Amino acid sequence: MTYTAAVSYLYGLQKHGIKLGLDTMMALVGRLGMPQARYPNLHIAGTNGKGSTAALTASMFQAGGYRVGLYTSPHLVDFRERIRVNGRMIAESDIARLTECIKALSEPDLSPTFFEFTTAMGLQYFAESQVDLAVLEVGLGGRFDATNVVSPLACAITTIALDHQQYLGTTLKSVAFEKAGIIKPHVPVICGRLPREAQETIERIAAERDAPLLSMGQDFQIEGETPARFSYSGGGIRYDALSCPLLGAHQLENCACALSLVETVRRQRLAIGEPAIREGLRQVQWEGRLEVVAREPLTVIDGAHNPAAATALAGYLRTFRHSNPLSRVILVLAMMRDKDQRGFIEPFKGLVDEVVLTQASLKRSSTVEELLPVVGTICPQVRTHPRVSGALSEASHLARPQDLICVTGSLMLVGEVKASLRGCGLSPLRG
């Protein structure tokens with residue numbers, strides 16, 4: 001099978017959509033010989049911040065000399081971004097080989113979804129690559145997510161907010177219950193700063209499973225205003241003058257969760273020293289999250305797509321405006337139809353001077369005509385351009401060198417922008 005044929009086959013699997021449940025996934029990894037049992041795992045869930053926390057954790061262990069697998073989703077430009085070992089994407093030839101292998105194993109009775117198939121691929125690739133550790137980001141929820149076939153050394157739940165309500169429920173309590181599905185008996189669980197009702201749900205489930213619970217603000221702390229310089233303390237350990245290149249004050253909490261994970265695991269069998277912790281934080285790379293892609297005007301892209309993430313992004317924009325009172329903020333926005341669009345745009349009220357609405361090239365992306373009535377009631381200065389490239393050009397025309405352009409609303413939009421800036425094609429596999 002060629003790489004092109006593999007991508008075509010995987011694209012066809014997307015017709016299965018999202019299918020909650022672990023039966024197919026357990027059967028699939030069983031036929032592969034349970035690859036996830038051949039190396040230690042760390043499992044990370046959360047409405048927002050789970051990808052950043054996974055990248056931070058992997059970076060610190062890699063700096064400590066470990067061979068680290070990192071499984072994340074969605075990808076931005078290239079499907080291979082999802083499966084990495086020590087930062088290197090899986091090769092096209094391995095995608096083709098593993099697609100052929102897993103396809104044969106799944107026939108004739110299993111019909112895995114795209115995410116189940118690719119998760120099995122990642123777990124198998126990490127086993128073949130003889131990783132010392134795999135860091136796995138949950139795709140959706142936790143309880144029935146395809147990644148929930150692992151028995152991790154520790155897990156983390158970074159944040160809990162409303163998103164994917166059609167699958168996870170319409171209350172914070174129901175969302176917390178689904179994400180707490182990754183908690184295993186006697187396995188430590190790290191929690192970020194959670195709303196009270198979510199925290200209570202996590203505490204109850206952790207207690208039922210006799211899982212040690214470490215909560216931010218109680219068992220570990222973070223001090224600082226930005227990731228550029230901060231301190232961490234917890235479990236009798238304190239690190240001062242830490243530095244991380246990720247932008248936004250919200251990344252401090254992701255750093256805290258990653259550090260707590262590292263400290264928890266290194267008491268078991270994966271010890272790393274303070275120099276590696278500092279180096280891993282300094283060297284971390286995580287694209288599409290307040291990523292600076294141009295200067296003069298400063299242009300950042302951020303995959304925020306729910307109200308909680310919008311609030312975090314608005315905090316960054318507020319800080320920018322305070323430090324640059326003569327600068328303007330121009331938002332380039334596209335969103336999927338199934339998102340809380342009004343809830344997303346509300347935090348930006350009074351923070352942005354212009355909005356340019358556009359549409360990502362997916363069927364479930366809202367048209368500019370659909371977005372306009374929602375956005376126009378909150379941000380009065382709104383322009384539209386149906387093509388992403390045209391919206392970027394429009395924003396660049398509006399901006400002065402001292403201004404800020406922020407592209408947000410969807411990771412799919414961010415992927416299209418990155419592909420445009422690189423001058424490369426976009427994977428047909430989306431979502």
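This dialogue walks through some features of a predicted model.

User: What should I know before reading residue numbers and values here?
Analyst: Residues are numbered from 1 along each chain as its sequence is written, and side-chain values use heavy atoms, with hydrogens and water left out. The model is predicted, and local features need pLDDT of at least 70, side-chain atom pairs count only at pLDDT 80 or more, and totals for chains, interfaces and linings use all residues.

User: How do I read a salt bridge, and how many are found in the whole structure?
Analyst: Look for a side-chain nitrogen of Lys or Arg within 4 Å of a carboxyl oxygen of Asp or Glu. A search of the whole structure finds 25 salt bridges. One of them joins Glu-128 and Arg-97, with the closest N and O atoms 2.7 Å apart.

User: Why does the pair of Glu-128 and Arg-97 tie parts together?
Analyst: Start with the elements. Helices (H or I, at least four residues) and strands (E, at least two) are DSSP runs, numbered from the N terminus. Glu-128 lies in helix α5 (residues 114–128) and Arg-97 in helix α4 (residues 92–106), so the pair ties together parts that are 31 residues apart in sequence.

User: Which residue forms a salt bridge with Glu-287?
Analyst: Arg-422 does, with the closest N and O atoms 3.1 Å apart. This pair links distant parts of the chain, 135 residues apart. Glu-287 sits in the loop between α10 (274–283) and β12 (291–294), and Arg-422 in helix α15 (residues 411–422). Glu-287 is partly exposed at 30%. Arg-422 is partly exposed at 43%.

User: Which residues are linked in a network of salt bridges?
Analyst: Arg-328, Glu-354, Arg-383, Glu-394, Arg-400 and Asp-403 are linked in this way.

User: How do I check for disulfides, and how many are found?
Analyst: Look for a pair of cysteine sulfur atoms within 2.5 Å. The search of the whole structure finds zero disulfides. For Cys-255, the nearest cysteine sulfur is that of Cys-244, 4.0 Å away. Cys-255 is buried, at 0% relative accessible area. For Cys-406, the nearest cysteine sulfur belongs to Cys-379, 12 Å away. Cys-406 also counts as buried, at 0%.

User: Where is His-305, and which residues is it in contact with?
Analyst: His-305 lies in the loop between β13 (298–301) and α11 (307–323). Contact means heavy atoms within 4.5 Å. Leaving aside neighbours within four places in sequence, His-305 is in contact with Asp-163, Met-335, Lys-339, Phe-344, Gly-409, Ser-410 and Leu-411. The His-305 side chain also reaches the backbone oxygen of Gly-303 at 2.8 Å.

User: What makes a nonpolar patch, and which residues form one on the surface?
Analyst: Patches take residues with over 30% relative accessible area and no salt bridge; nonpolar side chains (Val, Leu, Ile, Met, Phe, Trp, Tyr) are joined within 5 Å, like charges within 9 Å. Accessible areas come from the Shrake-Rupley method with a 1.4 Å probe; for residues, only the protein chains shown count as cover. Here Ile-18, Leu-20 and Phe-144 form a nonpolar patch, with about 260 Å² of accessible area together. Leu-20 is in the loop between α1 (3–13) and α2 (23–31). Leu-20 counts as partly exposed, at 44%.

Conventions
Polar contact = N/O pair within 3.5 Å; in protein donor to acceptor, adjacent residues only side chain to side chain. Buried < 20%, exposed > 50% of the residue type's maximum accessible area, 1.4 Å probe, protein only.
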